[in-house]
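Please consult the sequence and the coordinates alongside the text.

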Amino acid sequence: MGGAAPWAELPEHRRRPSLERVVQAVATAPSTLLPSPASAVPGSAPSGVLVLLYEHGGEPWVVLTRRAWHLRHHAGEVSFPGGRREPGDADLWATAVREASEEIGLDPGAVRKVGRLDRFVTVGSRSLVCPFVATVGERPELVPDPAEVERVLHVRLSELTDPDTWREEVWSLGEAFGGERTMTFFELPGDTVWGATAAVLRRLLTVATAAPVAG
């Protein structure tokens with residue numbers, strides 16, 4: 001087992017930031033390419049994912065999806081809307097918005113870009129992923145495309161920063177993948193969020209709460 005969440009020792013008001021605070025923190029946070037145990041596969045298309053936030057009931061929420069069970073890769077896993085860049089996409093931001101529109105019916109005109117979190121290279125496919133944070137003015141009415149998404153999940157950030165939701169494990173992945181690697185998990189009712197999605201959430205919440213980052 002690994003350690004506690006970066007924000008575990010923070011006072012409750014720090015663990016429950018407002019949407020305004022989250023937006024300010026993301027907009028001013030430096031974005032880099034994080035060190036990775038493996039380089040991106042040469043020629044692989046980079047991906048853009050959308051971290052969509054909104055305020056409801058006085059709290060910030062984030063939109064996640066549960067992938068359809070018939071998909072060949074990552075079936076049934078919780079993820080962000082997003083996917084690989086296509087030739088017609090102007091940039092990875094356009095990729096993220098297009099994918100969200102296709103997967104969950106998000107209106108592109110209602111989205112406001114806030115900033116970008118750290119890019120990273122995935123362990124399995126070794127592809128470059130760029131997470132973009134955006135907001136909408138109110139709780140969006142979203143309809144999942146059954147070809148790709150089983151369900152749209154609306155999750156309060158305060159639920160994600162609850163210490164009981166967090167779990168961390170240290171996995172041994174072999175020398176080809178950098179040896180030991182820390183894996184993050186968020187235990188939600190009926191779902192476990194892990195992998196790249198959990199890594200993005202960890203970074204988002206660390207930035208939003210101004211939690212200390214391990215050296």
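Leu160 is in contact (heavy atoms within 4.5 Å) with Trp7, Val62, Val155, Thr165, Phe186, Leu188, Leu201 and Leu205, neighbours within four places in sequence being left aside. Leu160 also belongs to the largest nonpolar core, which has 36 residues; Leu53, Leu160, Phe186 and Leu204 touch the most other members. A nonpolar core is a set of buried Ala, Val, Leu, Ile, Met, Phe, Trp, Tyr and Cys residues joined through side-chain atoms within 4.5 Å. Two or more residues of this core come from each of α2, β1 (47-56), β2, β7 (128-135), β8 (149-156), α4 (157-160), β10 (180-188) and α5, with α5 giving the largest share, seven residues. Apart from this core lies another, of 20 residues, among them Trp61, Ala96, Ala100 and Val136.

The model is predicted: local features need pLDDT of at least 70, side-chain atom pairs count only at pLDDT 80 or more, and totals for chains, interfaces and linings use all residues. Residues are numbered from 1 along each chain as its sequence is written, and side-chain values use heavy atoms, with hydrogens and water left out. The average pLDDT (the predictor's confidence in each residue, from 0 to 100) of the protein chain is 89, and 88% of the residues score at least 70. Over residues 34-39 pLDDT stays under 50, and the model has 11 contacts beyond four places in sequence for this stretch. Where pLDDT is low, the predicted coordinates should not be read in detail.

Helix α2 (residues 19-28) packs against helix α5 (residues 195-209) at an angle of about 105°, the axes being 8 Å apart. The two helices, α2 and α5, therefore count as roughly perpendicular (65 to 115 degrees). On α2 the contact is made by Arg21, Val22, Ala25 and Val26, and on α5 by Leu204, Val207 and Ala208.

Two residues illustrate the accessibility classes: buried means under 20% relative accessible area, exposed over 50%, and partly exposed in between (1.4 Å probe, protein chains only).

| Residue | Relative accessibility | Class |
|---|---|---|
| Thr65 | 0% | buried |
| Ala196 | 35% | partly exposed |

Thr65 lies in strand β2 (residues 59-67). Beyond four places in sequence, Thr65 touches Glu77, Val78, Ser79, Phe80, Pro81, Ile104, Val149, Arg151 and Leu153. Ala196 is placed in helix α5, and its C-alpha atom is separated by 9.3 Å from that of Met183, 13 residues apart along the chain.

How values were computed:
Axes fitted to C-alpha atoms, helices over the stretch in contact; angles between N-to-C directions. Helix = DSSP H or I, 4+ residues; strand = E, 2+ residues; numbered from the N terminus. Parallel < 35°, antiparallel > 145°, perpendicular 65-115°, else oblique.
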